[in-house]
Structure formats: C-alpha cells, structure tokens
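Morning, everyone. Let me put the structure up, and then we'll walk through it.

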Amino acid sequence: MAIRSDAASDAAFTEGFTDGWIRRYAASAAATEAELSALDQQVGDGDFGANLVAGLQAAVRLLGELDGPGAASAAGPLDAAAAAFLDEVGGTSGPLFGLLFQEMAVAVGSAGDGMYVGALAVGIGNGLSAIQRVGEAAVGDKTLVDALVPACTALASYPSTADPVEALSHAARAAWEGVANTTRLTARSGRASYVGDRAAGVPDPGAVGIGLLFSSAEATVTTLAPLLGGPEPESVPA
C-alpha cells in the first residue's frame, strides 16, 4: 500500500482529516488522470478521468467556502464533495460518487464522539446500497461496486473507535483487490458492457476511482501502474 503520510499521525477523525482526505483524493485524481482516461478509452467514453478530476476540483473549491455550523465538522468536507459531484459532474460517475459522499456525510455527521470508523462503514454501506439501486449493478458486473463492496466489508471489520487511517488503509487494500478482480470479469453493467470483449483484461475505471478514494485517506497516489499489478505504489506526503 501507499506509504504513511502526515494523515497517519492524526488519529482523530476531524474536519481537518476529511478536508485533507478530499484534497489528497483530488491530487491523486489529477496525477493519474491520463491513466484513468486511457483505461476508460478501452471500455467506455474515455471521460471518466476528466469527470473525476472535475468533480474533485469543484469539491476543493467548495472546501474553501465552508461556513456556518458545518464548517468545523468532519461531515462538512464530505458534504462539499457530494454537492460537487451531484450538481456539477455529468455522465454516470457524477451521481454515483455524489451518492456515496452524501451517505458518508450523513453517517459521519451523526456519529458519536470517536465512533467515526463505524460511522464511515455505515455511510459507505448506505452509499453502496444507493449506488446499486440507481445503477442496478452487483458484484461481478465489472463496475465500481466490485471495489466498493470489499472495501466496505474490510472497514466494517474494524471497531468503531479504531484509528481511521489504519482502517481506511485496510479498506484500500481490499478495494485494490476488487479492482484486480475486474480485469478477469466480463462487463454485465455500465458502459463497459457495450464493448464486449474489448473490456477483457482491462480494470474497470470506476473501480479504480474507488481504490484511489481509499488510498487517498493516507497519501496522495501519483501513478496507477504499480497499483494495477506491479510493485508498491508511489506516494507523496500530503
């Protein structure tokens, strides 16, 4: 997995943590946009990388505008990300990622003190359910669900009061295992299902986006290649 960054020294799941997480995710998406686009060109419209970057850039802009009661909450940055994807990103990915962030924000916002890992697991599980209702995808269909399900399961295996960086790092490893599995699947849902055998051997870009989300809780990922089957990924401190 990625090397531990400054995020690892702050076990408290605070507004500062979630703010940093969204900013690292934006940096990871920007650094790997060309690789994401190249993957999506093989299985879809080729716009996933650009859409992910656009959504996260919009989220970062909204982070600078946080004000009022939610500004100092752990849920605030997640709410900002949800608004960015739901309001400003088109295509398939915008609404799906927006729903995920929305449910994460709701769960974290109602979490008891120090119970954020448990709340995140609940929020991600609720986001997964919302995504499956909208997208009608199941595990094995070669979509982002194939990475999100194992990540959610891994996170739920931790106590609610666990160190969030440790728990999210474990979830990231599970997500990337799910990404690897998509290379062996035949797409039965989503855009990749339209291209048939062209998608064979190619990881699902949406699943890769989920892997980046969880990895970015710890550090900024600067290249996808090692995460897609090579040596340890290159990361930089946040």
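First, a term for later: helix axes are lines fitted to C-alpha atoms over the stretch in contact, and angles run from 0 to 180 degrees between N-to-C directions. Next, the ground rules. This is a predicted model, so local features need pLDDT of at least 70, side-chain atom pairs count only at pLDDT 80 or more, and totals for chains, interfaces and linings use all residues. Residues are numbered from 1 along each chain as its sequence is written, and side-chain values use heavy atoms, with hydrogens and water left out.

Now the overall layout. The protein chain has nine helices and two strands. These are DSSP runs, numbered from the N terminus: H or I of at least four residues for helices, E of at least two for strands. The order from the N terminus is α-α-α-α-α-α-α-α-α-β-β.

How confident is the predictor? pLDDT is its confidence in each residue, from 0 to 100. The chain's mean is 85, and 82% of the residues reach 70 or more. One is residues 1–6, with 22 contacts beyond four places in sequence in the model. Another is residues 230–238, with 26 such contacts. Contact here means heavy atoms within 4.5 Å. Among contacts with a separation of 6 or more, 69% join residues 24 or more positions apart.

On to burial. Of the 238 residues, 55% count as buried. Buried is under 20% relative accessible area, exposed is over 50%, and partly exposed is in between (1.4 Å probe, protein chains only).

That brings us to the core. A nonpolar core is a set of buried Ala, Val, Leu, Ile, Met, Phe, Trp, Tyr and Cys residues joined through side-chain atoms within 4.5 Å. The largest one has 68 residues, and L52, F101, I124, L148, L155 and F214 touch the most other members. Helix α8, residues 164–182, gives the most to this core: eight residues. Look at L148. Beyond its neighbours within four places in sequence, L148 contacts L100, I124, L128, I131, I210 and F214.

Now a helix pair. Two packed helices are described by the angle between their axes and the distance between the axes. Take α2, residues 33–43, and α9, residues 205–215. They pack at about 155°, with axes 9 Å apart. So α2 and α9 are roughly antiparallel. The cut-offs: under 35 degrees is roughly parallel, over 145 roughly antiparallel, 65 to 115 roughly perpendicular, and the rest oblique. Helix α2 brings L36, L39, D40 and V43 to the contact; α9 brings P205, V208 and L212. That makes six nonpolar, no polar and one charged. Ala, Val, Leu, Ile, Met, Phe, Trp, Tyr, Cys and Pro count as nonpolar, Asp, Glu, Lys and Arg as charged, and the others, Gly among them, as polar.

Next, the loop between α6 (116–135) and α7 (145–156), where E136 is found. E136 is not a glycine, yet its phi is positive, about 55°. K142 lies in the loop between α6 and α7 too. K142 has a positive phi of about 65°, and is not a glycine either. K142 counts as buried, at 1%.

Last stop: V60, in helix α3, residues 48–63. V60 is partly exposed, with a relative accessible area of 25%. Leaving out residues up to four places away in sequence, V60 touches R23 and A26. V60 and P77 are 17 residues apart in sequence and 8.6 Å apart in space, C-alpha to C-alpha.

Technical notes. pLDDT = per-residue confidence, 0-100.
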